[in-house]
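Welcome! Take a look at the structure before you start.

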Amino acid sequence: MPQTEKLEESPKGRLSRDVQRKIGQQLRAMYTDVVNEGVPDRFADLLRRLDDKNK
Amino acid sequence: MPAQHDMRESMLAAVPNLRAFAVSLCGDIDRANDLVQETLLRAWAHQDSFEPGTNMSAWLFTILRNHFRTEYRKRRREVEDADGGYAERLTSPEAQTGHVEFGELREALLHLPPDQREALILVGASGFSYEEAAHICECAVGTIKSRVNRARKKLAELLTIELEPEPESAPQVLIRRAV
C-alpha cells in the first residue's frame with residue numbers, strides 16, 4: 001500500500017478519478033490475494049462428502 | 001448424475017471468490033471460512049431453488065450475503081445486550097487474517113456500514129455489475145450506486161488518515177480516529 005501519497009478530494013466533495021482509481025486498485029489487490037489462495041481442502045472435502053451422500 | 005456433478009464443480013469453482021467476498025465483509029479469515037462453509041451447505045440443500053442458466057456465482061453470493069447479514073444482526077444484538085448499546089467492537093484485522101499488507105484497508109472497510117461495504121466489494125472487487133449487485137442485495141440499482149459512492153468517499157477519508165505523512169497533523173488524526 002503506498003504510504004507517501006495523500007488522497008485528495010476535489011472541491012465539490014466528489015472524489016477525483018485518481019482517488020477512485022487508487023481505491024479500486026487496493027480493493028482488487030486485497031481481494032485477489034484471497035482468491036489466489038484457491039480452494040482449501042476443507043471445502044473440496046465437504047462438497048465431495050455431500051456429493052457422495054446423494055449417490 | 002451429471003447435473004449434480006456440474007453443481008459440485010460450479011460450487012467448487014466459486015469458492016475462491018466466495019472466500020474473498022467473505023473476508024472483505026467480516027475481516028476475519030476463520031469467520032469467513034465458516035460463512036463459506038454454511039453457504040455451501042445451504043446452497044447444496046436448496047439446489048432446487050437455483051434456476052439453471054442463471055448466474056451460479058451471483059446465487060451463491062446472495063446466500064452468503066444473507067447469512068452474513070443475519071449473523072451480523074444477531075451479533076450486534078448480543079454485543080448491545082452485553083455492552084449497553086455500543087456497536088460491534090472490532091479487533092485488529094491484521095491479527096485475524098494474517099494478510100498484514102492489507103491491514104489498513106481491511107480495517108477501513110470494517111468502519112463502513114455493512115450495506116455500503118457489501119456494495120463496494122461486489123462492484124469494486126468482485127466485478128459484478130450494478131444490476132447484479134442490486135439483485136444480490138435485494139435493492140434498487142440507484143441505491144447500490146449511491147452506496148458505492150458513499151463507501152468510496154468514506155474509504156478515501158479513512159485512508160487519508162492512514163496515509164497522512166505530516167507529524168503536525170497528529171492531533172487531528174486522533175480526533176478523526178475517535179469518530
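**Exercise 1.** Find how many helices and strands chain B has.

*Solution.* Start with the rule: helices are DSSP runs of H or I with at least four residues, strands are runs of E with at least two, and both are numbered from the N terminus. Chain B then has nine helices and zero strands. Along the sequence, the pattern reads α-α-α-α-α-α-α-α-α. For chain A, the tally is two helices and zero strands.

Please keep in mind that this is a predicted model, in which local features need pLDDT of at least 70 and side-chain atom pairs count only at pLDDT 80 or more, while totals for chains, interfaces and linings use all residues. Residues are numbered from 1 along each chain as its sequence is written, and chains are lettered from A and ligands numbered from 1 in the order in which they are written.

**Exercise 2.** Work out what share of each chain is buried.

*Solution.* A residue is buried if 20 or more other C-beta atoms, placed from the backbone, lie within 10 Å of its own. In chain B, 36% of the 179 residues pass this test. In chain A, 22% of the 55 residues do.

**Exercise 3.** Describe how helices H6 and H7 of chain B pack.

*Solution.* Two packed helices are described by the angle between their axes and the distance between the axes.

1. Axes are lines fitted to C-alpha atoms, for helices over the stretch in contact, with angles from 0 to 180 degrees between N-to-C directions.
2. The axes of H6(B), residues 114–124, and H7(B), residues 130–137, come within 9 Å and cross at roughly 140 degrees. That makes H6(B) oblique to H7(B) (under 35 degrees is roughly parallel, over 145 roughly antiparallel, 65 to 115 roughly perpendicular, and the rest oblique).
3. Residues are in contact if their C-beta atoms, placed from the backbone, lie within 7 Å. From H6(B), B:Glu118, B:Ala119, B:Leu122 and B:Val123 meet B:Tyr130, B:Ala133, B:Ile136 and B:Cys137 of H7(B).

**Exercise 4.** Locate the domains of chain B and the elements that join their contact.

*Solution.* The domain assignment, which is automatic or from a database, gives domain 1 (1–86) and domain 2 (100–179). Their contact takes 11 residues from domain 1 and 14 residues from domain 2. On the domain 1 side, the elements giving two or more residues are helix H1 (2–26) and helix H3 (56–83) of chain B. H3(B) gives the most to that side, with six residues.

Technical notes
Contact = placed C-beta atoms within 7 Å. Buried ≥ 20, exposed ≤ 12 C-beta atoms within 10 Å, placed from the backbone.
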